[in-house]
Amino acid sequence: MATEENWNEDLPEDIKRIGNTMTRRRIIGRMALAKLAPGLELSHIDVLDILRRAEGDVTVGAIAEGMRIDPSRGSRVVADMVGRGLLKRGVSQEDGRRSIVEITPLGTSLLQEMRRTKMSVIEDVMDGWPAEDVETFARLFERFIDRFEYRLSPDTDFLTDQKKS
């Protein structure tokens with residue numbers, strides 16, 4: 001069995017550092033959530049963020065796809081959030097047979113407060129960094145995350161291609 005020390009021994013040191021950092025990447029969200037809404041999970045915030053970024057009607061299926069989870073799990077998460085008053089179900093104006101999911105004012109308020117808290121933590125962490133370092137870090141990190149999200153998007157064959165090679 002591979003141990004944590006040797007499972008990735010053939011990788012370059014910088015790649016290992018990035019991988020180890022990525023496993024900790026949601027720590028700011030966890031901290032903000034513990035402070036603002038201790039009964040919620042990060043998946044709840046993920047749903048709110050998917051709805052915030054969406055253009056047009058959003059269904060439970062679209063939420064599940066955006067979270068890369070099974071539709072039945074997506075349905076349970078949405079139902080829980082409706083029960084908490086963070087989301088509401090509605091009917092599509094384009095197709096009255098379709099059920100859609102919308103953010104409530106409480107959900108919007110929570111999402112805004114989470115964002116303020118996260119930005120405050122980032123600002124505190126980067127306090128004292130030279131402006132040029134902050135700009136460089138922001139540019140490189142954005143490029144990294146854009147590429148990371150592209151590689152994980154459902155319509156990219158990257159993961160399938162990797163298995164073939």
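Does Leu-87 count as buried or exposed, and at what relative accessibility? At 2% relative accessibility, Leu-87 counts as buried; the word means under 20% relative accessible area, while exposed means over 50% and partly exposed covers what is in between (1.4 Å probe, protein chains only).

## About the model

This is a predicted model, in which local features need pLDDT of at least 70 and side-chain atom pairs count only at pLDDT 80 or more, whereas totals for chains, interfaces and linings use all residues. Residues are numbered from 1 along each chain as its sequence is written, and side-chain values use heavy atoms, with hydrogens and water left out.

Leu-87 is found in strand S1 (residues 87-91). Strands (E, at least two residues) and helices (H or I, at least four) are DSSP runs, numbered from the N terminus.

Leaving aside residues up to four places away in sequence, Leu-87 touches Val-47, Leu-48, Leu-51, Val-78, Met-81, Val-82, Val-101, Glu-102, Ile-103 and Thr-104. Contact here means heavy atoms within 4.5 Å. Take Glu-102 from that list: it lies 15 residues from Leu-87 along the chain, and the two C-alpha atoms are separated by 5.6 Å.

Helix H5 (residues 71-83) is the place of Val-77, which is buried, with a relative accessible area of 4%. Not counting residues up to four places away in sequence, Val-77 touches His-44 and Val-47. Val-77 and His-44 are 33 residues apart in sequence, yet 7.1 Å apart in space, C-alpha to C-alpha.

## The two sides of H2

Which residues of H2 are buried? They include Gly-29, Ala-32 and Leu-33. These residues cover an arc of only 100° around the axis, which puts them on the same side of H2; the arc is that of the directions from the helix axis to the C-beta atoms. On the other side of H2, Ala-34 and Lys-35 are exposed. The buried residues of H2 pack against H3 and H6.

## Aromatic pairs

How many aromatic pairs does a search of the whole structure find? The search finds three. Phe-137 and Phe-141 have ring centres 5.4 Å apart and planes at 10°, so this pair is stacked. Rings of Phe, Tyr and Trp (its six-membered ring) pair if their centres lie within 6.5 Å; planes under 30 degrees apart count as stacked, over 60 as edge-to-face and the rest as tilted. Both residues lie in helix H7 (residues 131-152), four residues apart, about one turn of the helix. Phe-137 is partly exposed, with a relative accessible area of 39%, and Phe-141 is partly exposed at 40%.

Phe-144 and Phe-148 are also stacked, because their ring centres are 6.0 Å apart and their planes at 20°. They too lie in H7, four residues apart, about one turn of the helix. Phe-144 is partly exposed at 31% relative accessible area, and Phe-148 is partly exposed at 29%. Finally, ring pairs link Trp-129, Phe-137 and Phe-141 into a cluster.
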